[in-house]
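This briefing is meant to be read with the coordinates open.

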Amino acid sequence: MPRRSAWRVGRSKLILGVGVVIAVMALIAAACSGDDGGGESSALGGSAADIAQARGLTEADISAALKTYVPSGQQDEYLIFSSGGHAGQVFVIGVPSMRLLKTIGVFTPEPWQGWGYGDQDTMEILEQGRVDGNDVLWADTHHPALSETDGDYDGEFVFINDKANARVAVIDLRDFETKQILKNPIAINDHGGTFVTPNTEWVIEGGQYATPNGWEYAPISEYESEYKGMVTFWKFDRSAGRIDADSSFAMELPPYWQDLCDAGKLVSEGWVFCNSFNTELATGSGDVGSGGEAFEAGASARDNDYMHVINLDKAVGVAASKGVDINGMTVIPLQASIDEGLLYFVPEPKSPHGVDITPGGEYMVISGKLDPHVTVYSFDKIQDAIAAQNWQPDQYGVPVLDFDSVLEAQVELGLGPLHTQFDGDGYAYTSLFLNSSVARWSLGPPYGDEWKLEGEIPVHYNIGHLVAAEGDTVDPDGRYLVALNKWSIDRFFPPGPLLPQNFQLIDITEAPEAAPDTAGMQLLYDMPIGVGEPHYAQMIKADKVLDHVWEVYPEIGWDPSTMSVDPNAPMAGNERVVRNGDTVEIWMTLVRSHYTPDRIEVKAGDRVIWHLTNIDTSKDATHGFSVPGYNINVSLEPGETATVEFDATMDGVFPFYCSEFCSALHLEMAGYFLVAPE
Amino acid sequence: MTLLDRILGPRVSREEMQEHAGRYRLPTALFGGSALLLVLSIFLPYWVLTLKAPQFPDGLTIQAFVNRLEGDVVELEGLNHYVGLGSFDDGAVFERSIAIGAIIVLAGLLAAALLFHSRWVVLFTMPAILFPVGFVADLQWWLWRYGHNLDSSAPFAKAVGEFTPPIFGPAEIAQFDTLALPGPGFLLALLAAVMTGVGLWFHRKAYKPLVDELAGAE
């Protein structure tokens, strides 16, 4: 492979080099204005030009490299919080460098963070995600939602759903740790979550594949009557940093398959919008050879599905008065929603994906995957139609508003439009799955003059969601957009037949005229994701998170699960081992580079309760605590305390050691756990 | 003339005071100001040590007040155990326990000095003049003791070896570049010492003629 190794130029050197190239090019351009700059490599001088030439870099490559390179010691301007897909976790990625900063353990055990490997608090949070008492230790995380204040990201919390099992998790951005997992008691899967209301009063979790309430059994022949759709509104208690399940409620919906949702904002605050598919009530092809229609055909037979328009403000009161209890969740029956005017439908192009609200809250933008248009609805017109009762009931009696009366605009973008985000200059960006591109289009009044397509940029390949900087808030930043591509095909070295996903960073700062071929957009960088298939992501200005985040815990003995000092935490000077019958309780401190005490002797069969505190207070002075054979690995960040509890069922000698390289004497940071035979 | 009168020195007549107010007020102001500066210095660090190493890009800082340490004390204690340096808790225990009281006494002596118009004033002002010297000497002694009583069982004791951290100025200890500087508290104490010395000179200039006059009259 001599040829390949010749290409191995350090990235930092390269980009420094091309920086020089650009600077010199600019000088030449200035020196011979009128002349097109020449570009004689001999005139560029130095190794930078040689590197660019040797690597065959175009001018666009060089500018992309310069826009994404973040020198050592400098930090990214934006952070992406991305769903981890099958990883069941959340990825934190810097923009524009596209460097992975962290994988936050959420639904799935994560060894480095000691998430689910003995630390009792993490075990208990994972247990909150059990389904009917059974561990479910993978998740299909889909849509992260950053907490908002006045419709803008505030950098305090992130929520994430698990489509596969209808679960929602709360992550605190002070320490980037998951604090709570909730299993939805009425649904077995979800999709339309998580989304938050403008002040994060409610976390929205919409359903997906209809099932009988509370994952009971009902034969498929009773689909129309016994299978239910749903949307759940989880009440978030910001001061507690937790969802308050007792104050949460759900709405029963027809057994259409709800898809994405979004909360209204500003003029539409107090309302929630979800879309749906399979309003056909298809139940699959049935037994082999029965001749029935597969879901893909049955669920897309009609031209329209329904956008759900939900009066959340009003629903809160109705839940209190007319809600019924299902598995401990307060649920508003469908008939109550109809009677009280909580739920309206609006026809939408079939099989839609996103329902995305413009920054001012005036319009709902819907893309039907099988229709080349985005369809834009006016909130005001929806309100007028409701007031005028301009509707026909659907098969369940839900009022279906007249399509023409609520339509604001339709813009033809291309094939397979899925999901839309916005910038601060009146442009919208929609992913086009079939075209494998991102379309840029102009919004009509009050944002601009005319609803019109500006152009598109190819992406690689099969884009799902996209994310623009703060692109679903009341105050989008523009600047950067990331295409979350499902396929990468030829973009990376093929690591076997399972190929990574591809996050593509796109610069959206220029006006469309700057580069008419791509409507002003420039592709900057490809980031392979080889850990799962992310669905949605949100991009926040890094400063907003920096205002809240802790680099070390505020006090020694900090318990991340309560976010306060644990009065029982081991502290320097009170380390001890106490035997009480068959229970051995240990209070141990960790500091560079020793455990106190460092020798623990028990008998086989003893119950071991092992409290640990990292009494180091320096940034990054994290210690690990790992016990071989017992599946124990705990991460103790500076100041953190944790407790491990287990039965010493195996006798033998178990050297425990610090599994996080902490100091020059890290290897010496060890001890013996001796389990004498009975 | 009693012994007490002799020690207290002559009083200034009302007429003389009106005529040469500045002459007598200057030493009073200098002694009084010094007393205030000394009291103020209690609230400010006397000695500031900063340490830089590759893995501490923001550096570590220790601020020594007369009675306590502030700054990255815990972190530095943690690092010290690798070299075998003793605990800060064990250093200058006596000095720290009396420091605030002693400084208040120094200031009180300066205030008392205002009453004395004879050469006995030296007895009340000299402690304030000598105090900064004493502080530096004591600090040097403790630094020497720390650097020469390493715990030989510490992991890096042999690699680092015995040393005396400089009281002021830069040094290198293992991977750390250190810089020790006088703190604002010490600078105030130093200023107080200088002001007291200058005050003594003006004191002599003001009162010696009166003392001589009195002696001549006898």
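The model is predicted, and every value given here was computed from it. Chain B and chain A bury about 620 Å² between them, with carbon and sulfur atoms giving 49% of that area.

**Extent of the interface**
- The contact draws nine residues from chain B and ten residues from chain A.
- Three residues of chain B, namely Glu75(B), His81(B) and Tyr82(B), supply 57% of the area that this chain buries against chain A, which is more than any other three residues supply.

**Polar and charged pairing**
- Two salt bridges are counted between chain B and chain A, and Glu75(B) forms a salt bridge with Arg592(A), where the closest N and O atoms lie 2.7 Å apart.
- Seven residue pairs are in polar contact across the interface of chain B and chain A, counting pairs in which both residues have pLDDT 80 or more.

**Elements on the chain B side**
- Strand E2 (56-64) and helix H4 (73-83) of chain B are the elements that give two or more residues to the side touching chain A, and H4(B) gives the most, with five residues.
- By residue class, the side of chain B that touches chain A divides into six nonpolar, one polar and two charged residues.

**Helix H6 of chain B**
- Helix H6 (residues 121-147) of chain B has 27 residues and reaches 40 Å from its first C-alpha to its last, close to the 39 Å expected at 1.5 Å a residue.

Key
Residues are numbered from 1 along each chain as its sequence is written. Chains are lettered from A and ligands numbered from 1 in the order in which they are written. This is a predicted model: local features need pLDDT of at least 70, side-chain atom pairs count only at pLDDT 80 or more; totals for chains, interfaces and linings use all residues. Side-chain values use heavy atoms; hydrogens and water are left out. Helices (H or I, at least four residues) and strands (E, at least two) are DSSP runs, numbered from the N terminus. The expected span of a helix is 1.5 Å times one less than its number of residues. Contact means heavy atoms within 4.5 Å. Buried area is the accessible area (1.4 Å probe) that two parts lose on being put together, summed over both. A salt bridge is a side-chain nitrogen of Lys or Arg within 4 Å of a carboxyl oxygen of Asp or Glu. A polar contact is a pair of N or O atoms within 3.5 Å; within protein, one must be able to donate a hydrogen and the other to accept it, and residues adjacent in sequence count only if both atoms are side-chain atoms. Ala, Val, Leu, Ile, Met, Phe, Trp, Tyr, Cys and Pro count as nonpolar, Asp, Glu, Lys and Arg as charged, and the others, Gly among them, as polar.
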